Amino acid sequence: MMGKGPGKLRSVLVVDDEENLRHMLSVTLGKQGYAVDQAANGEEALEKSTVRDYDFILCDIRMPVMDGPAFLARMVERGGGTTIIMMSAYGTMTDALDCMKQGAYDFISKPFKNDEIVLTLRKAEEREKLKRENRRLKKLLGREYSFAHIYSKNPRMQEIFTLVRKVADFRTTVLVLGESGTGKELIARAVHFNSNRRSAPFVAVNCGAIPESLLESELFGHVRGAFTDASGDKAGLFEQANGGTLFLDEIGELPLPLQVKLLRVLQEGEIRRVGATASVPIDARVISATSKDLAREVAEQRFREDLFFRLNVFSIVLPPLRERLEDIPLLVDHFLEKYGERYGLFGVSVTSGFIHALMEYTWPGNVRELENCVERALVLCDGGDIDEPCLPATVRAMLTDEVCTSSEEESLSIKRAEAALERRLIAKALAVTGGNRTHAAKLLDISHRALLYKIKEFGIC
Ligand SMILES: Nc1ncnc2c1ncn2[C@@H]1O[C@H](COP(=O)(O)OP(=O)(O)OP(=O)(O)O)[C@@H](O)[C@H]1O
Ligand SMILES: [Mg+2]
């Protein structure tokens, strides 16, 4: 059986005023696994295709009431993804050619053999598949170039997107800071794909994941015989990223001796492969990222100050998810779509209770943790709505012990517990409204003045 989705037949509408021909085609195509409908003229066909989206329409040219070209024009006007194939009898060849200019996919001359019509449909199907694939790839590519895949309506994130666009075309190093899972790599990629280096490679390396002994040759390459295992020359990641961008992730993990070497590369714009005597010029833009407090690493002498300044020419600090709770519904939708596609679970929705619970949680693992949480919930939901029972224990614990877990309430003082709760609600309302105090006051059900007073009292900014 020819299937589109699971169990779905490809549908064909046969439009012709000759009943015999409609019947013959219905039988032939039915045998080939198509679901076939019939219409005796353009008007009837128009009606039928309002009710149902056909994959294909085989349409005669000369018919009473509404002829083929008129029907085609109406279909093109409507838009949609139906592939229309004209059937031209003797004397209607020019009309058929005109129809192709108007948007018909192909035409087939009458009389035709059964095989011919099946072949034409198969060809059209193949083309549809390619078109879909093409659209999918274009979308993917477009996503990488733009910010379409980074979801946020938070004003601070929007500012960051503006910064990224501005800095993209300069060669300056960029340092991306933020807690784990806040989207540092996404931002690094956005810098690259918004820059004029976008068609050159984006090479990412996790400085914390490669043993120190290998890292130097990974980054800078080596020549044959540089060390025991070096059986040939090898280009390093810097060279691979030439003309493009080198993303040094977890830069805080870079061992001190390599920090010195990296600094030299950045200053001189050339690299020397391990074991080589000469340096070669290199043009790779360096973006680094870390979830560590790099300034503190410098203060504690684990990170060289000179390198820090060099990397930190332009820094982008990503806010943690708990400071942009308004993004949660948006991200949930995005991840539902992403994993829905992966697992073939479409149209699953979440209850407002579920979203509410997510907004109560503090998200130490930020967007990545939320992503995992949604993926897990989708798997658990059995195709029904996603509700609170699908939440991971960490999030649920936060809900039940809401008032009792934070240290402020350990004293059992109701007054302090109340203050802590008020503080959290205010912070949340401000986050949800993007800092709009008038709107936040409304949500909190207190006066604008009372809110300003409390903001000051609690030192919320
Ligand atoms: N704003 C966002 N919109 C959509 N997806 C996001 C967003 N932010 C992060 N993600 C997703 O969350 C995951 C973590 O993002 P990313 O790897 O960029 O974070 P990170 O800050 O580099 O984390 P780590 O410090 O752990 O390396 C990825 O799957 C990413 O696609
Ligand atoms: Mg990362």
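**The ligand and its surroundings**

Around ligand 1 there are 17 residues, and the closest are Tyr151, Gly181, Lys184, Arg368 and Glu371; a residue is near a molecule if one of its heavy atoms lies within 4 Å of it. This is a predicted model, in which local features need pLDDT of at least 70 and side-chain atom pairs count only at pLDDT 80 or more, while totals for chains, interfaces and linings use all residues. Residues are numbered from 1 along each chain as its sequence is written, chains are lettered from A and ligands numbered from 1 in the order in which they are written, and side-chain values use heavy atoms, with hydrogens and water left out.

Next, the polar contacts, meaning pairs of N or O atoms within 3.5 Å. Ser180 has a polar side-chain atom 3.1 Å from an oxygen atom of ligand 1. For Gly181 it is a polar backbone atom, 2.9 Å from an oxygen atom of the ligand. Leu186 places a backbone N or O atom 3.2 Å from an oxygen atom of ligand 1.

On its own, ligand 1 has 620 Å² of accessible area, and the protein covers 86% of that (Shrake-Rupley method, 1.4 Å probe). Two or more residues of the shell come from each of α7 (184-194), α13 (328-343) and α15 (366-380); helices are DSSP runs of H or I with at least four residues, strands are runs of E with at least two, and both are numbered from the N terminus.

**The domains**

Which domains make up the protein? They are domain 1 (10-140), domain 2 (155-319), domain 3 (323-392) and domain 4 (407-458), with bounds from an automatic or database domain assignment. Ligand 1 lies between domain 2 and domain 3, because both give residues to its shell.

The centres of domain 3 and domain 4, taken over C-alpha atoms, are 26 Å apart. Six residues of domain 3 are in contact with five of domain 4, contact being heavy atoms within 4.5 Å.

**Two backbone details**

Most residues other than glycine have a negative phi, and most peptide bonds are trans. The peptide bond from Lys110 to Pro111 is cis, with omega near -5°, and Pro111 sits in the loop between β5 (106-109) and α5 (114-145). Glu250 is not a glycine, yet has a positive phi of about 50°. Its place is the loop between β10 (245-249) and α10 (256-268).

Notes. A polar contact is a pair of N or O atoms within 3.5 Å; within protein, one must be able to donate a hydrogen and the other to accept it, and residues adjacent in sequence count only if both atoms are side-chain atoms.
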